[in-house]
Amino acid sequence: MTEDVETVPRNRTLDEAVRLMLGNGVDHVFVVEDGEPAAMVTRRKALMACYKTDAPVSEIPISGFSRGLESRVGPNETVLIAVGKLQRANLNCLPVVNGMTVEGVLTKDDVISNISSITSDMIEGNKRKDEWTDSSSDGD
């Protein structure tokens with residue numbers, strides 16, 4: 001998970017969101033409204049807004065983007081659940097939300113760069129599960 005997230009107020013225009021994405025090398029920014037995360041603007045959503053409106057980014061209001069975080073993952077959910085959510089929603093990232101607080105964002109790059117430790121944890125988890133269910137133990 002990446003803990004540093006970029007935010008843009010809902011009363012701004014898309015150019016500010018795009019400037020944050022390009023300037024910080026990220027593909028998404030969170031829209032905040034009344035201090036709370038209200039939505040996420042992704043590179044894909046920004047491109048779609050430009051295409052559909054045929055307007056400059058400086059004229060596209062952030063307020064035109066839908067409210068809500070369509071897909072999200074909790075801080076205690078497994079990586080497999082998160083990957084499933086990424087795939088089902090056809091997203092490159094998911095906000096990690098704890099209650100109403102965005103704690104970070106899980107990107108496909110995060111998953112890929114940590115795949116060796118993820119698979120090691122899964123293998124270790126299966127070994128422990130096998131130990132618990134081993135019928136040859138003498139019941140100690």
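1. Start with E77, which sits in the loop between α2 (43-53) and α3 (79-89); helices here are DSSP runs of H or I with at least four residues, strands are E runs of at least two, and both are numbered from the N terminus. E77 is partly exposed at a relative accessible area of 32% (buried means under 20%, exposed over 50%, partly exposed in between, with a 1.4 Å probe and protein chains only).

2. Before going on, the ground rules: this is a predicted model, where local features need pLDDT of at least 70 and side-chain atom pairs count only at pLDDT 80 or more, while totals for chains, interfaces and linings use all residues. Residues are numbered from 1 along each chain as its sequence is written, and side-chain values use heavy atoms, with hydrogens and water left out.

3. What does the side chain of E77 make a polar contact with? The side chain of K85, at 3.1 Å. A polar contact is a pair of N or O atoms within 3.5 Å; within protein, one must be able to donate a hydrogen and the other to accept it, and residues adjacent in sequence count only if both atoms are side-chain atoms. A polar atom of the E77 side chain also lies 2.6 Å from the backbone nitrogen of G74. V96 is 19 residues from E77 in sequence, and their C-alpha atoms are 9.5 Å apart.

4. β4 (residues 93-98) pairs with β5 in the antiparallel sense over six bridges (pairing takes at least two DSSP bridges). N98 stands opposite T101 in β5, and G99, in the two-residue stretch between the strands, takes a positive phi near 70°. Five of the seven residues of β5 (residues 101-107) are buried.

5. Then there's an open, mixed sheet of three strands in the order β1-β2-β3, with β1 (7-9) and β3 (36-42) as the edges. β2 (residues 28-33) runs antiparallel to β3, joined by six bridges, and V29 stands opposite V41.

6. Now the packing. In general, nonpolar side chains tend to be buried together in soluble globular proteins.
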